[in-house]
Amino acid sequence: MCTLYESILSLCTEHGIKGGKMCVDLGLSKSLMSDLKSGRKKGITAETAQKIADYFNVSVDRVLTGQETEKAPTPEGRREVPKEELMAAFWGGDKDLSREELDAMWKDVERFAAFVAEQKRRERGKNT
């Protein structure tokens with residue numbers, strides 16, 4: 001298990017962002033990272049943790065512990081992934097796009113997936 005400082009620093013490093021820039025972008029004190037590193041600050045508020053999680057598009061658990069929490073599988077053994085998580089994975093969240101644009105893009109993804117699935121079915125039918 002890593003410290004809160006190490007966890008946040010790891011996220012910054014993974015995304016090529018300096019801790020100070022993250023703080024400025026989020027409207028946090030620029031000294032947050034050095035305060036955490038030195039032990040002057042022992043923790044952060046839930047609101048700050050959520051801001052950092054949203055900034056890096058990760059869970060609050062990842063911010064606080066350095067590890068993503070596995071979601072429990074469904075009874076069928078599969079984990080259902082919410083549409084919003086998939087959209088964030090495809091387009092990096094909705095920071096630059098309106099909800100209408102995201103919904104339209106999602107419909108395009110659904111149509112393309114259906115098209116590819118139908119193509120695969122046809123290919124299988126020709127090969128049998």
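Reader: How many disulfides does the count come to?

Author: This is a predicted model, where local features need pLDDT of at least 70, side-chain atom pairs count only at pLDDT 80 or more, and totals for chains, interfaces and linings use all residues. Residues are numbered from 1 along each chain as its sequence is written, and side-chain values use heavy atoms, with hydrogens and water left out. A disulfide is a pair of cysteine sulfur atoms within 2.5 Å. By that rule the count is 0.

Reader: Which cysteine sulfur is closest to that of Cys12, and how far away is it?

Author: Cys12 is buried at 1% relative accessibility (buried: under 20% relative accessible area; exposed: over 50%; partly exposed: in between; 1.4 Å probe, protein chains only). Its sulfur is too far from the closest cysteine sulfur for a bond. That partner is Cys23, at 7.4 Å.

Reader: Is Cys23 buried or exposed?

Author: Cys23 is in no disulfide. Its relative accessibility is 0%, so Cys23 counts as buried.

Reader: Where on helix H1 do its buried residues fall?

Author: Helices are DSSP runs (H or I, at least four residues), numbered from the N terminus. In H1, residues 4–14, the buried residues are Leu4, Tyr5, Ser7, Ile8, Leu11 and Cys12. Seen down the axis, they fall within an arc of 170° (taken from the directions from the helix axis to the C-beta atoms), so they line one face of the helix.

Reader: What covers the buried residues of H1?

Author: Contact here means heavy atoms within 4.5 Å. The cover includes helices H2 (19–26), H3 (32–38), H4 (46–56) and H5 (60–65).

Reader: Which residue forms a salt bridge with Asp25?

Author: A salt bridge is a side-chain nitrogen of Lys or Arg within 4 Å of a carboxyl oxygen of Asp or Glu. The structure holds 7 of them. With the closest N and O atoms 2.9 Å apart, the partner of Asp25 is Lys21.

Reader: Which residues are linked with Glu118 in a network of salt bridges?

Author: Glu118 forms a salt bridge with Arg121, the closest N and O atoms being 3.3 Å apart. The two are separated by about one helical turn, because they are 3 residues apart in helix H7. An α-helix has 3.6 residues a turn, so residues three or four places apart point the same way. The network links Glu118 with Arg121 and Arg122.
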